[in-house]
Amino acid sequence: MHSTHHHVVVSQYKRSASRLTIFAHVFGILAFALMLVWLLHYRGGIEYDSYNAVRVFNVHPFLMFCGFIFLSGEAMMVYKTVQATHMVQKVVHMILQLLAFVLAVVGLCAVFKYHDMTNIEDVYSLHSWIGIAAISLFVLQWLAGLITFMFTQPDVTRQSLLPWHICGGRTLLYMSIVAALTGLLEKATFIGLRSNREARLVNFLGLSILLFGIFVDLSVALARYV
Ligand code: HEM
């Protein structure tokens, strides 16, 4: 009797977690669209191999959100959004996280290239420190996840490391959100945005990124611990 009740509660929360992913998707897609409008309409476009340093820079915010944060968030929600066996979900989770990392590296290369082209020194800002920390820890988290959950390990090892993997992933998600928001704020300050249309667009972009992170995190939190 007790275990049936427990089962009902768990599945209710799993379903409410799936509904939360809908909100995550709404804000993720909204942020994706606002980022494109900002960079293409207001900021002169996105191009890695350009002589125009500004277009090279724009690859950075584009890939850091639309590549890294968005894909990584999707990877975290795979256990609610992909209806398949647990093994398939795990493999999709791993591959999406790997893809997120690859795009993050390209996005970082773009901003280093931009600094090179414009003779700006590297890694001086709080934004860049948080960003470097997030990406470095992301690599460790990915490798630890690979070893723990993809290779054969005793069940106790997996069970004791799973909460660490989940908390680590949620922390990293917030760290990358903080990096994105400080980056947006920095750029808005550099280009002197105040109270015009573009400034409001950037604010709504930042809010959408934040809400995406919050709803991804809630969907992970609610499904696991109740
Ligand atoms: C997870 C997301 C992000 C990470 C990990 C990240 C990481 C970094 C790093 C490591 C640098 C230093 C590059 C260098 O010194 O050559 C940098 C620079 C920069 N980023 Fe980001 N970034 C992220 C998102 C964004 C976003 C969304 C924007 C929005 C415009 C942005 C704007 C900037 C700007 C303006 C710089 C140049 C100034 C500086 O070095 O602080 N970043 N970023």
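This is a predicted model: local features need pLDDT of at least 70, side-chain atom pairs count only at pLDDT 80 or more; totals for chains, interfaces and linings use all residues.
**Entry 1: a residue in a loop**

I found Val 123 in the loop between H4 and H5, where helices (H or I, at least four residues) and strands (E, at least two) are DSSP runs numbered from the N terminus. Val 123 is not a glycine, and yet its phi is positive, about 50°. In the loop between H4 and H5 I also looked at Asn 119, which has a positive phi of about 55° although it is not a glycine. Asn 119 counts as exposed, because it has 6 C-beta neighbours inside 10 Å.

**Entry 2: other single residues**

I looked up Asn 52 next and found it in the loop between H1 and H2. Asn 52 counts as exposed, since it has 12 C-beta neighbours inside 10 Å. From Asn 52 to Ala 134, which are 82 residues apart along the chain, the C-alpha atoms are separated by 29 Å.

Val 156 sits in helix H6, and I recorded it as exposed because 8 other C-beta atoms lie within 10 Å. Between Val 156 and Ala 133 there are 30 Å from C-alpha to C-alpha, and the two are 23 residues apart along the chain.

Val 91 belongs to helix H4, and its 14 C-beta neighbours inside 10 Å are why it counts as partly exposed. I also noted that Val 91 and Ala 24 are 22 Å apart in space, C-alpha to C-alpha, and 67 residues apart in sequence.

**Entry 3: the nonpolar core**

Which residues have the most contacts inside the largest nonpolar core? They are Met 35, Leu 63 and Phe 65, in a core of 50 residues, a nonpolar core being a set of buried Ala, Val, Leu, Ile, Met, Phe, Trp, Tyr and Cys residues joined through C-beta atoms within 7 Å. At least two residues of this core come from each of helix H1 (2–42), helix H2 (53–76), helix H3 (78–81), helix H4 (86–117), helix H5 (126–149), helix H6 (155–190) and helix H7 (197–225). H2 gives the largest share, 14 residues.

I then followed Leu 63, which, leaving out residues up to four places away in sequence, touches Phe 68, Leu 103, Ala 104, Val 106, Gly 107 and Ala 110; two residues are in contact if their C-beta atoms, placed from the backbone, lie within 7 Å.

**Entry 4: how helices pack**

H2 and H4 pack at an angle of about 160° with their axes 8 Å apart, where axes are lines fitted to C-alpha atoms, for helices over the stretch in contact, and angles run from 0 to 180 degrees between N-to-C directions. H2 and H4 are therefore roughly antiparallel to each other, a word used for angles over 145 degrees, while those under 35 count as roughly parallel, 65 to 115 as roughly perpendicular and the rest as oblique. H2 passes H4 in a left-handed crossing, in which the near helix is turned anticlockwise from the far one by less than a right angle (right-handed if clockwise).

For H2 and H6, I read that the axes come within 11 Å and cross at roughly 160°, and this crossing is left-handed. In the contact between them, residues of H2 including Phe 65, Phe 68 and Gly 73 meet residues of H6 including Leu 173, Ala 180 and Gly 183.

**Entry 5: the UniProt record**

In an unreviewed entry, UniProt lists residues 23–221 for "domain: Cytochrome b561"; its positions are given in the numbering used here, feature names are shortened, and annotations may be inferred rather than shown by experiment. Over residues 23–221 I found 83% helix and 0% strand, with the end C-alpha atoms 15 Å apart. Among the spans that the unreviewed entry lists for "transmembrane region" are 60–79 and 91–114. Residues 60–79 are 95% helix and 0% strand, with 29 Å between the end C-alpha atoms, while residues 91–114 are 100% helix and 0% strand, with 35 Å between the end C-alpha atoms.

Definitions and conventions
Residues are numbered from 1 along each chain as its sequence is written. A residue is buried if 20 or more other C-beta atoms lie within 10 Å of its own, exposed if 12 or fewer, and partly exposed in between; C-beta atoms are placed from the backbone.
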